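Dear colleague,

Please find below the structure for your records.

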Amino acid sequence: MSTWPDTRILDLLGIDVPIIQAPMAGATTTAMVIAANQAGALGSMPAAALSIEQLRDALNTIRQASASPINVNFFCHQPPAADNARDHRWKTLLEPYYRELGADFDALTPVSNRAPFDEAACKVVEEFRPEVVSFHFGLPEKALLDRVKATGAKVLSSATTVEEAIWLEQHGCDAIIAMGIEAGGHRGIFLSDDLDTQIGLMALLPQIVDAVKVPVIAAGGVGDARGIVAALALGASAVQIGTAYLFTPEANVSVSHHYALRHAQASETALTNLFTGRPARGIVNRVMRELGAINPSAPAFPTAGGALMPLKAKDEAGFSNLWAGQALRLGRDISTYDLTRQLAEQVLAKIKRH
Ligand SMILES: Cc1cc2nc3c(=O)[nH]c(=O)nc-3n(C[C@H](O)[C@H](O)[C@H](O)COP(=O)(O)O)c2cc1C
């Protein structure tokens, strides 16, 4: 497949198809990454929900199965200072649910964590030398970023505004992921915490393309070949697709998440900070409806979810995060390999026709 109109990302990342199977912490499996690679796309392994040992195991598995370039993805937030008063207020707000569901309010609150990119994670990058490293929430401190770049890895990160895209280019990104408001999972927002700055991909993408010189990857609401053709027409060199891959058998999703993905309408997702403390898009469920999807009492990222864990154990559908993007109704039950190949073939057929 060499008839793509813009080969900048293909050349930069060493892939055949301008599709990045999105990193989705908790949901992406090594089988998904391997299958995406086999189909010619860039498979992405997210690290945020893994311990260092689990990450090493995952990368060993992928490297044994595939010689293709891979992306390893990290969150690069600063762990927050402890705030017992805020944690207590948050748990107290949830107390009626503990009573209703029979969860033990007085038991120690479980820890909800997301691993930040740090010294130990950097050592894994130096050991495995993934061809691509992508970050969410900006970039790590310069000394760590320099070490990543010294391995030869191409560095990507998500921009949710034009300002963030310019910042990422100035700080050394080789390509920028333009993340529209439609996208599932955490917003990559990092220069501001004002959600009014967050705009749709149709408006964001061409303005980022105009503002930076590096290639731009479109993410958010791209769910089928039409979306890819549109993104390419708006100046993207590739797309990053998440939600559509949640429908594949390679995705690791809970029973409730699996059901919600197949039954929710496009209008039934919202940005919420309840599950981690940072805004992320998921399918609206009981706790989001009743507490408000954005609640100022939620503790700082990534700790908010701890107090919800005992409730999730009692009512998974009502109290767990059901991450999904606005294009969820375009999702189909199809394997990662077939989805990737079909998308590529359909896009090429559409491009040829025009
Ligand atoms: C379940 C889920 C988990 C996600 N986790 C991550 C992650 O760990 N790292 C990251 O950079 N982006 C994460 N994202 C965002 C995706 O990488 C991607 O940008 C987004 O899914 C694209 O929008 P779409 O869902 O409309 O396709 C996640 C998205 C979803 C749906």
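The following paragraphs cover the aromatic pairs and the charges placed over rings.

This is a predicted model, in which local features need pLDDT of at least 70 and side-chain atom pairs count only at pLDDT 80 or more, while totals for chains, interfaces and linings use all residues. Residues are numbered from 1 along each chain as its sequence is written, and side-chain values use heavy atoms, with hydrogens and water left out.

The structure holds 10 aromatic pairs (rings of Phe, Tyr and Trp, the last by its six-membered ring, with centres within 6.5 Å; planes under 30 degrees apart count as stacked, over 60 as edge-to-face and the rest as tilted). One of them is tilted, because the rings of Phe75 and Phe301 have centres 6.0 Å apart and planes at 55°. Phe75 belongs to strand S3 (residues 70-75) and Phe301 to the loop between helix H12 (286-291) and helix H13 (309-314), so this pair ties together parts 226 residues apart in sequence. Helices (H or I, at least four residues) and strands (E, at least two) are DSSP runs, numbered from the N terminus. Both Phe75 and Phe301 are buried (under 20% relative accessible area; exposed is over 50%, partly exposed in between, with a 1.4 Å probe and protein chains only).

Tyr97 and Phe319 pair edge-to-face, at 5.0 Å centre to centre and 70° between the planes. Tyr97 is buried at 7% relative accessibility, and Phe319 is buried at 1%.

Arg278 lies over the face of Phe301, 5.3 Å from the ring centre (NZ of Lys or CZ of Arg within 6 Å of the centre and within 35 degrees of the ring normal).

Yours sincerely
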